[in-house]
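Dear colleague,

Please find below the structure that I am handing over to you.

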Amino acid sequence: MMAFDFSSKNVLVTGGTQGIGLGIASAFAASGAHVIISGTRKAPGDYPDDLSLFTYIQARMDEPADRARLAEAAGPIDILVNNAGQSHPDEYSTEGYGLVIEVNLNAAAELCYLFHPVLRERGGTIVNVGSCASFIAIGYAPAYTASKAGLMGFTRAVADQWARDGIRVNLVAPGFIETRMTAGVRADERKAGNTLRTIPVRRFGTPAEVAAAALFLASPQASYITGQSIVVDGGLMLR
């Protein structure tokens with residue numbers, strides 16, 4: 001089993017309070033990193049999970065002022081994980097579409113720009129959290145699909161441009177993972193059964209499995225990898 005040592009690294013995981021973000025933050029902390037997480041609530045105690053391992057900064061990703069404050073408060077980091085994201089019940093409305101694009105794509109791009117100077121100075125890395133929607137369409141979620149496809153394109157473009165700065169930029173693309181976002185599907189026996197039939201390994205993934213891919217991409221073991229996307233989906237995209 002590959003072991004990671006991030007004991008000298010400062011890591012920022014946006015949206016690290018739950019689900020995939022919490023899984024990634026926990027894995028970095030277990031590997032020795034000092035981990036900063038962001039969330040929308042006032043204090044870490046407002047979340048159901050124990051977040052005492054992390055430094056918490058409140059930041060709403062749909063607010064440019066909060067993003068700027070997050071970049072200032074986080075200080076010098078070595079690894080940026082753009083995980084924060086959301087969907088909307090009506091992405092065929094201008095309001096719903098705009099909110100999802102702002103959080104999932106624009107916020108991630110701006111944080112990359114804001115942290116670029118310090119990442120260049122420290123030889124840092126960026127891991128963006130995309131989705132299988134980076135590659136395939138979700139008909140009821142055009143904004144989510146557009147944001148995640150856009151994030152993959154953005155990842156490739158800045159990886160090309162910033163390689164000369166010593167910054168690697170990659171993307172991890174989860175499939176159906178056991179998180180709050182998939183709770184409705186997993187709780188419905190019919191929906192869960194239909195979903196599992198599309199996944200060759202016949203189960204949902206875990207945040208820890210996504211975290212393993214994220215840590216690899218951020219590690220020295222991946223020093224010759226940039227501009228790439230690792231899909232963690234149990235074979236879903238083979239269909």
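Thirteen residues line the largest cavity, and those nearest its centre are Thr-14, Asn-82, Ala-84, Val-103 and Ala-108. The model is a predicted one, in which local features need pLDDT of at least 70 and side-chain atom pairs count only at pLDDT 80 or more, while totals for chains, interfaces and linings use all residues. Residues are numbered from 1 along each chain as its sequence is written, and side-chain values use heavy atoms, with hydrogens and water left out.

On a 1 Å grid over the protein atoms alone, a cavity is a set of points where a 1.4 Å probe fits but cannot get out; a pocket is an open set with protein on both sides within 12 Å along at least five of seven lines, and lining residues have an atom within 4 Å of a point. Points are joined across faces, edges and corners, and a volume is the space filled by probe spheres set on them.

A search of the whole structure gave one cavity of 30 Å³ or more, and the volume of the largest cavity is about 50 Å³. Helices H3 (94–122) and H4 (142–162) each contribute at least two residues to its lining, with H3 giving the largest share, five residues. Helices (H or I, at least four residues) and strands (E, at least two) are DSSP runs numbered from the N terminus.

The largest pocket has a volume of about 1,400 Å³. Its lining comprises 48 residues, of which Gly-85, Gln-86, Ser-87, Tyr-144 and Met-181 lie nearest the centre. Two or more lining residues come from each of H1 (19–30), S2 and H4; H1 provides the largest share, three residues.

Helix H2 (residues 64–74) has as its buried residues Asp-66, Arg-67, Leu-70, Ala-71 and Ala-74 (buried: under 20% relative accessible area; exposed: over 50%; partly exposed in between; 1.4 Å probe, protein chains only). These lie on the same side of H2 because they cover an arc of only 140° around the axis, the arc being that of the directions from the helix axis to the C-beta atoms. The face turned away from the buried side of H2 carries the exposed residues Ala-65 and Glu-72. The buried residues of H2 pack against strands S1 (10–13), S2 (34–39) and S3 (55–58), and against H3 (contact: heavy atoms within 4.5 Å). Just after H2, Gly-75 adopts a positive phi of about 75°.

Yours sincerely
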